[in-house]
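Here is a friendly note on the aromatic rings in this model. Have the sequence and the 3D view open as you read.

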Amino acid sequence: MSRIRSVAASALGVNRRTVLAAAGAASLSAGVGYALRPTDSQAATPAPEAPVPASGEVPAAAPLAPYTKGTTLASVAAPRNGSGYRRLGDGPGWKRVVRAELAAPKSGRAGRRTTLAAFVQFTDLHLMDVQHPLRLEYLRAHDVHAWRPHEALTVPGAISLVERVNALRGAPVTGAPLRFVMTTGDNTDNNAHSELEWFMKVMSGGRITPNSGDPRHYEGVQNSGLKLYWQPGSATRDQDKALGFPHLKDFLAAAIREVRSPGLRLPWYSTVGNHDSLPLGCYGSHGDRHLVEAAIGGRKLMSVSAADAKKLQDTIKKAKDPRGTGYRDFLKAHARSMRPVTPDEKRAPYTRADYLKAHLDPAHQGRGPVGHGYSSANLDAGTQYYAFRVSDDVIGISLDTTDAGGHYEGSIGTAQLKWLDRTLKANEDSYAVVFSHHTSRTMTNTRPDPARPGEKRHDGAAVVSVLSAHANVLAWVNGHIHKNVITPHRASGGRSFWEISTASHVDFPQLARIIELVDNKDGTVSLFTTLIESAAPHRTDYADLSQTGLAALYRELSYNAPGANRTLAGGAADRNTELVLKKG
């Protein structure tokens, strides 16, 4: 596909020269930010300059070489012992699988190919304010995996993932520079201001104290004395210690201690998820005064009966309470069972505007770009979708698939679906990679958006239909399901694309993904996917409660979390792959 000739300027009423003069971001239809070129958006990271020798001669540029160190091609965390609570160690790497469902790979392509782009995907970080009064830990009385023993360590775990990306010296197949990181939603967990601040600092750099309420000590389920939860600092024989979880006296003090993120050394972009947009990831209830008061107030529910837990969980799963009124009544009914905690206004839910303002805040710019994909036009229009230029031959499109009407499954409105179609059509000279939080199969919730009650909502099949109508679409990259799944989509006329769904960084095996796009110069394109873990060592040391030690413990605890799904890594064909496509 040739270099882009007209970057949607005429089609969308934007003068390209004016846009470039405005630091590479402009408002398009529906208030969407659009970074036109990598030099403007800082989406491209140049290779480091080679030192000039004393002779004054400038050496030839070193050829690019694959860089597999620190990826799951080299090694993957694996259990060392055979039963009970299992310690982790270095396991064998995962091999690359060639997938040819959409096009036949041709011999000799490795010697012909040229790189179009290489980037990293984060997804489902779920940074948690674990002392938040609205959390649903007590659902564990019915569903053991509704609360996980490692949740207090999401911040050091995410920082270690940043450190892993910073240590990479190129892409694992082509050796090309990594251009950016895209995080595909559920960056926070409880839609709380405290978590949003932590997320911005994890990604862009800064000091973080992952604590709320009382600044001096932890106030939550893990020092409650309740045997339902792992009590790491006490001698209580809780149900997790009965499974082999360790006694770690200083765990909670370490978990709320200040940590430091170096911030990504790459530009980063942000896509919004349901946990970022909705309280608890499911309630469209920002206007509910009672829930806001409960979030910042001084009472926390930690224990209910198994029957009550099941009833509430069933109500959430079946979307019977999308506005959270039933949940409010549930809290009122259990008010006498609540325990006192320190009130904190930082636990208040944040709005769509708050999310955008945080990204546009110069304090969180890091390596850029300004707004991390979002623009002031998004803020003015109240939208959270945008397009940006990845490279000369590739554009990225970030969608907002959260349904503001409530529930954790997604959809998009007519305005956004039409914008997606227009954007792909206006940039048909470029390949396109689409990013969202929800997968095609989890966009099943078409409840009206309260802010746009007359607008129709569209499911994942409608999005697939639009993407399939454009020959320039290579991939739809998403998360939400916490599992590695790669799905081929084939349309009539030979048009096709790959849907790449990546596991979360909160449930084991806690992975992110590198994606490389290459032109094979034989009528096909290949997408290489390579999974990475955090930089923390696979082996843990219970005496090491440093920032790095906590990140290692985060992984091990997640492996051993009772009720954890052991299939989230996916099959070999969903992990490290080469995905072949015909050129459009």
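How many aromatic pairs does the count come to?

1. The count comes to 21 aromatic pairs. Rings of Phe, Tyr and Trp (its six-membered ring) pair if their centres lie within 6.5 Å; planes under 30 degrees apart count as stacked, over 60 as edge-to-face and the rest as tilted.

2. Helices (H or I, at least four residues) and strands (E, at least two) are DSSP runs, numbered from the N terminus. Phe-119 is buried at 1% relative accessibility, and Phe-180 is buried at 0%. Buried means under 20% relative accessible area (1.4 Å probe, protein chains only).

3. Look next at Tyr-374 and Tyr-386, an edge-to-face pair with centres 5.1 Å apart and 75° between the planes. Tyr-374 lies in the loop between α12 and α13 and Tyr-386 in strand β13, so the pair ties together parts that are twelve residues apart in sequence. Both tyrosines, Tyr-374 and Tyr-386, are buried.

4. Ring pairs link several residues into a cluster, including Phe-119, Phe-180, Tyr-374 and Tyr-386.

5. Please note that the model is predicted: local features need pLDDT of at least 70, side-chain atom pairs count only at pLDDT 80 or more, and totals for chains, interfaces and linings use all residues. Residues are numbered from 1 along each chain as its sequence is written, and side-chain values use heavy atoms, leaving out hydrogens and water.

Definitions and conventions
Buried means under 20% relative accessible area, exposed over 50%, partly exposed in between (1.4 Å probe, protein chains only).
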